[in-house]
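These are my notes from going through one model, entry by entry.

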Amino acid sequence: MLERIRIVLIGTSHPGNIGGTARAMHNMGLEDLALVAPRCEPLTADTVSRASGADHIVHGARTVETLEQAVADCTLVVGASARSRTLPWPMITPRELGGRLTEELAGPESRIALIFGREDSGLSNAELQRCHAHVHIPTNPEFSSLNLAAAVQVLAYESRLAWLATQETSHRSDADTPQPLASHEELEHYFAHLERTLIAIGFHDPAMPRQLMPRLRRLTLRSRPERMELNILRGILTATEKQATGEKPAGSGEPDPPA
Ligand code: SAH
């Protein structure tokens, strides 16, 4: 289970924090690290020193340019945030995160990304809006921001605690077979299709966006759609587009194949 939890660091600027993250991960049994556009050389003497024997995690880390690439195959994306934002998003505690992880990882093909921001500016609004939920580590409100690797440590620890609890109860039987959930990439294709269609039918004006797309994102992400459910929604969008352009709809009611 723990091998399906990915730690994603965005725009990290101190190699020591990458080493500290690797140590925190290896201590807790996590191995999957992704670095998004790091603003420093990831592997330096500082990294190795702070990793204290866990630098193989940094050697094995995937470095990518965008958050999209780092989480494309993930079904649950959770952003760690020290601050609350203007548009409230589902907010969970680290303990609740543990519960979500075990629920999520009971499903086939599910994979989780925990996203951490830059040391100086955290995560951007656009990055936070790509997350199903935000996790906030309760801290002194007057001094709320933890060191990056310390924040990883707290969430990695809660992940391990939750996993240990499932080891004790892993022999219970599960009546319903869970269906595969939509991946991040499938959701992003859907949001792009939705926006196109809303523009085509004159419901959405990109010049006056208000908070329409973020609100629709929040609604959709809250409902955790299965892959099949998302395919049905895309089928509806395709039929709507055809109506809007005067083309005859296929009318089969069959969902589109995934993009
Ligand atoms: N100065 C930044 C915080 C940077 S700390 C800001 O104001 O947003 C680097 C990262 O560690 C954050 O982006 C976040 O992912 C994580 N982090 C730090 N403190 C946290 C807390 N109290 N709760 C959750 N995540 C935290």
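Entry 1. I looked up E109 and found it exposed, at 54% relative accessibility. I use buried for under 20% relative accessible area, exposed for over 50% and partly exposed for in between, with a 1.4 Å probe and protein chains only. The model is predicted: local features need pLDDT of at least 70 and side-chain atom pairs count only at pLDDT 80 or more, while totals for chains, interfaces and linings use all residues. Residues are numbered from 1 along each chain as its sequence is written, and side-chain values use heavy atoms, with hydrogens and water left out.

E109 sits in the loop between α5 and β6. Helices (H or I, at least four residues) and strands (E, at least two) are DSSP runs, numbered from the N terminus. The phi of E109 is positive, about 60°, although E109 is not a glycine. Most residues other than glycine have a negative phi, which is the reason for my note. I then looked up R210, which also is not a glycine and has a positive phi, near 45°. R210 belongs to the loop between α8 (184-200) and α9 (212-222). With a relative accessible area of 68%, R210 is exposed.

**Entry 2. The chain as a whole.** I counted 10 helices and seven strands in the chain. The C-alpha trace spans about 65 × 50 × 35 Å along its principal axes. For 259 residues a compact globule would have a radius of gyration near 18 Å, and the 20 Å of the chain agrees with that. That radius is taken over C-alpha atoms, and the globule rule is 2.2 Å times the number of residues to the power 0.38. Of the 259 residues, 43% are buried. I also looked at contacts, meaning heavy atoms within 4.5 Å. Among those between residues at least 6 apart in sequence, 84% join residues at least 24 apart.

The buried residues of α5 are P94, L97, G98, L101, E104 and L105. Seen down the axis of α5, they fall within an arc of 135°, so they line one face of the helix. The arc is that of the directions from the helix axis to the C-beta atoms. R95 and E103, on the other side of α5, are exposed. The cover over the buried residues of α5 includes β1 (5-10), β4 (76-80), β5 (91-92), β6 (112-116), β7 (133-135) and α7 (148-168).

**Entry 3. Nonpolar cores.** I took a nonpolar core as a set of buried Ala, Val, Leu, Ile, Met, Phe, Trp, Tyr and Cys residues joined through side-chain atoms within 4.5 Å. The largest one has 37 residues, and I7, L9, L33, L97, L114, F116 and L155 have the most contacts inside it. Another core, of 15 residues, lies apart from it and has L67, V71, A113 and C131 among its members.

A113 is in strand β6 and is buried, at 0% relative accessible area. Beyond four places in sequence, A113 touches R6, V8, V71, C74, L76, V77 and V78.

**Entry 4. H134.** I looked up H134 in strand β7. Is H134 buried or exposed? H134 counts as buried, at 6% relative accessibility. Its C-alpha atom is 6.2 Å from that of P90, 44 residues apart along the chain. Neighbours within four places aside, H134 is in contact with V78, G79, W89, P90, M91, I92 and L128.

**Entry 5. E127.** E127 belongs to helix α6 (residues 125-128). At 13% relative accessibility E127 counts as buried. Residues up to four places away not counted, E127 touches I10, L67 and R118.

**Entry 6. Aromatic rings.** I found one aromatic pair in the structure. The ring centres of Y190 and F191 are 5.7 Å apart and their planes are at 55°, so the pair is tilted. Rings of Phe, Tyr and Trp (its six-membered ring) pair if their centres lie within 6.5 Å; planes under 30 degrees apart count as stacked, over 60 as edge-to-face and the rest as tilted. Y190 is buried, at 7% relative accessible area, and F191 is buried at 3%.
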